[in-house]
Amino acid sequence: MDVITDILRVKRDSKSLSRDALYKFASGIADGTVTDYQASAFLMASYINGLNSQETLALTMAMRDSGTVVQWDKSLSPLADKHSTGGVGDKMSLVLAPLAASIGIRVPMISGRGLGHTGGTLDKLESIPGFNVNLTLEQLKAQIADIGVCMIGQTDELAPADKILYSLRDATSTVTSIPLICASILSKKLAENPDILVFDVKCGTGAFMQTLDDARELARTLVQISEMSGKKASALITSMNHPIGFTTGNTLEVQESLNILRNKGPADSTELTIALVTEMAVHAGIDNSGELCRRKLANGEAMEVFVKMVEAQGGDLAAFEALPLAPVIVDVRAGRTGYWCGPDAFAVGKAVRKLGGGRYRVEDCVDPLVGWEQEVPCGSPVEDGQLLGRVHAADREAAAEAVAAISNSFKWDVPSDPLIFEEIRL
Ligand code: URA
């Protein structure tokens, strides 16, 4: 089979595509010989008729091989990365990467920007004045060899076929296909080429995956395809019915990450970060990693690695600590006595995006100072009138709108979710 129309016919008729056909398709996307309308037809046929695991693996590898695959010196192993499917208040990467490096796991992390109502690691890092996320792959490799951790954005050399397919998926309503999500995420992670991949698959109102069944299917597919491609991998399915930690919004989340690194962070974000590092550590053969992580947070070694990374990437932590607060800060209080179960994750994500903390279009700028800051942990008994949190906004009108949206989403007197629903190892 050598023409793209044959490839499209096979998928249209719900038959299986060969590895060669999928390589031809992905290289044609990257070199422009497959047109956008042909790629869109492929996406819709794959969305409707599915891709089996061999096809998903072949598409993933073909998309990976449409660009550069980073080659690492063996002496740098174990190298690991974590991917989160996206949540609200999800600042885990900022702590996880230096914490893992402090226990001997090198983390070359390539992250994204905020998407829809979910935040992005790059936007958070860029709220540190001077922090440069646009390093070359050579600079990434040098920094990993030097300090064991580096956090950068996607470069044009990594999985270029994904960049094109991702924008077409958005325009063709084919984003939510599990094989396509898996190929998209993994093509970039496999191009980065770590030994170990850990996935934080978020499940709940603020997540891509709203049900445990869907989250489980995505988690299993990610782990299975990673293993088929030669990586060690596992996943945690974690709650995203309310935001993780106490803060949502770029500067507020970096401040919370610094608190976690100083061993003074909220219990849920600290525990989830340690659980994700522990997944990496199990694959890396490091024992007692939970205890080790707690020690590295308590003795400041994880913080030291973070400081080194910020300095290496041009960031100025003193300037970050001196940033002003948002111009308007409004208290949010309990309207009743009861067992407060927190705000809804989707409502907070949408409200923070509306405040200017997220984007509606790729070219939008984010306001680093705005957001939601929770005062009381979810699942606490509270009194009528008690302070529950604060909205940080650019002006009074925006603040009032966010206060109403967040307060209306409060949940009362329901059992709290566990932090981790399930662990997926195959
Ligand atoms: N992140 C990606 O990189 N791709 C997807 O399809 C979804 C999330």
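Which residues make a nonpolar surface patch of about 280 Å²? I found M44, Y47 and I48 there.

**Ground rules.** I am reading a predicted model, in which local features need pLDDT of at least 70, side-chain atom pairs count only at pLDDT 80 or more, and totals for chains, interfaces and linings use all residues. Residues are numbered from 1 along each chain as its sequence is written, and side-chain values use heavy atoms, with hydrogens and water left out.

**The patch.** A patch takes residues with over 30% relative accessible area and no salt bridge, joining like charges within 9 Å and nonpolar side chains (Val, Leu, Ile, Met, Phe, Trp, Tyr) within 5 Å. The areas come from the Shrake-Rupley method with a 1.4 Å probe, and for residues only the protein chains shown count as cover. I placed M44 in helix α3, residues 36-49. Helices here are DSSP runs of H or I with at least four residues, strands are runs of E with at least two, and both are numbered from the N terminus. The cut-offs are under 20% relative accessible area for buried, over 50% for exposed, and partly exposed in between (1.4 Å probe, protein chains only).

**Helix α5.** After α5 comes G104, with a positive phi near 100 degrees.

**F306.** I found F306 in helix α14, residues 301-312. F306 counts as buried because its relative accessible area is 0%. I also compared F306 with D65: they are 241 residues apart in sequence and 32 Å apart in space, C-alpha to C-alpha.

**Cavities.** How many cavities of 30 Å³ or more does a search of the whole structure find? It finds two. On a 1 Å grid over the protein atoms alone, a cavity is a set of points where a 1.4 Å probe fits but cannot get out; a pocket is an open set with protein on both sides within 12 Å along at least five of seven lines; lining residues have an atom within 4 Å of a point. Grid points are joined across faces, edges and corners, and a volume is the space filled by probe spheres set on the points. The largest cavity holds about 150 Å³. Its lining has 24 residues, with H117, T118, G119, G357 and G358 closest to the centre. Two or more lining residues come from each of α6 (121-125), α11 and α16 (345-357). The largest share, four residues, is from α16. By class, I noted four nonpolar, 14 polar and six charged residues in this lining. Here Ala, Val, Leu, Ile, Met, Phe, Trp, Tyr, Cys and Pro count as nonpolar, Asp, Glu, Lys and Arg as charged, and the others, Gly among them, as polar.

**A pocket.** The second largest pocket has a volume of about 340 Å³. Of its 21 lining residues, T247, L252, Q255, E256 and E373 lie nearest the centre. At least two lining residues each come from α11 (250-261), α15 (317-321) and β9 (371-374), and α11 gives the largest share, five. The lining divides into nine nonpolar, seven polar and five charged residues.

**Salt bridges.** I counted 31 in the whole structure, each being a side-chain nitrogen of Lys or Arg within 4 Å of a carboxyl oxygen of Asp or Glu. K189 and D81 meet in one, at 2.6 Å from N to O. This pair links distant parts of the chain, K189 in helix α9 (residues 178-192) and D81 in strand β1 (residues 80-84), 108 residues apart. Both K189 and D81 are buried.

K189 also forms a salt bridge with E192, the closest N and O atoms being 3.8 Å apart. K189 and E192 are about one helical turn apart because they sit three residues apart in α9. E192 counts as buried, at 1% relative accessibility.

My last pair was R390 and D331, also with closest N and O atoms 3.8 Å apart. R390 lies in strand β11 (residues 387-393) and D331 in strand β7 (residues 328-333), 59 residues apart. R390 is buried at 19%, whereas D331 is partly exposed at 39%. Salt bridges that share partners join D331, R333, E373, E375 and R390 into one network.
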